[in-house]
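Let's take a walk through a protein chain together.

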Amino acid sequence: MTDETVALRPVREADLPVLERFLTDPDAVGPFQWYGYPDPGRFRRRWAENGLLGEDGGQLIVTTGDAPLGFVAWRKVVVSPSTHCWNIGAQLLPEARGRGIGSRAQLQLVRYLFAHTPVMRVEADTEAENIAEQRALEKAGFTREGVLRGIVFRDGRWRDGVAYSVLRGDPLPAHT
């Protein structure tokens, strides 16, 4: 999947050190995604199990050219016994931020999920203070739905979030 210079592809074993950097380097994840040191082997175990692609979610590497710049991910959110939607997110290395790569990668992921799964809704959320991610989601065609008060605990305090969604049939930008 390619959109201009940004591409999404399955995770390769050689990409695992990049993913592990997001688990061990606070500077790599940035101020809105650092929640302390998690299990550093989780990506390797999941990659060995299913290549980080499963029925309930997955991860794809974001690239421009051959270099991995981060990843996009999605997970199933069960809404009712017969309905689910996808919740997506993106994480880019510091050198890839601020260049529109995240918006293009998230737009490609939305298109991919609508093309290959029957869901009606793809949602995303971010901290209320993360203005850059809110802009990226809006550029990717998401609609802001509202504030989620006290939704996430990070760096010693509870923080508000902002919910976004895009529905199948919503107009998506041709590109970002």
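Start with Val 62: its bridge partner in strand E5 is Gly 70. On another strand, Leu 8 stands opposite Val 62 in E4. Strands here are DSSP runs of E with at least two residues, helices are runs of H or I with at least four, and both are numbered from the N terminus.

Before going on, a word on where this comes from: this is a predicted model, in which local features need pLDDT of at least 70, side-chain atom pairs count only at pLDDT 80 or more, and totals for chains, interfaces and linings use all residues. Residues are numbered from 1 along each chain as its sequence is written, and side-chain values use heavy atoms, with hydrogens and water left out.

Now for the partners of E4. Two strands count as paired if DSSP finds at least two bridges between them. E4 and E5 (residues 67–80) run antiparallel over eight bridges. E2 (residues 6–10) also pairs with E4 in the antiparallel sense, over four bridges. Then there's E3 (residues 53–54), antiparallel to E4 over two bridges, with Leu 53 opposite Gly 58.

Is E4 enclosed or open? Seven of the eight residues of E4 (residues 57–64) are buried, so the strand is largely enclosed by the rest of the structure. Buried means under 20% relative accessible area, exposed means over 50%, and partly exposed is in between (1.4 Å probe, protein chains only).

Glu 123 is buried, with a relative accessible area of 17%. Leaving aside neighbours within four places in sequence, its contacts (heavy atoms within 4.5 Å) include Val 77, Trp 86 and Tyr 164.

Finally, zoom out. The chain has five helices and nine strands, and buried residues make up 44% of its 176 residues. Along its principal axes, the C-alpha trace spans about 40 × 35 × 35 Å.
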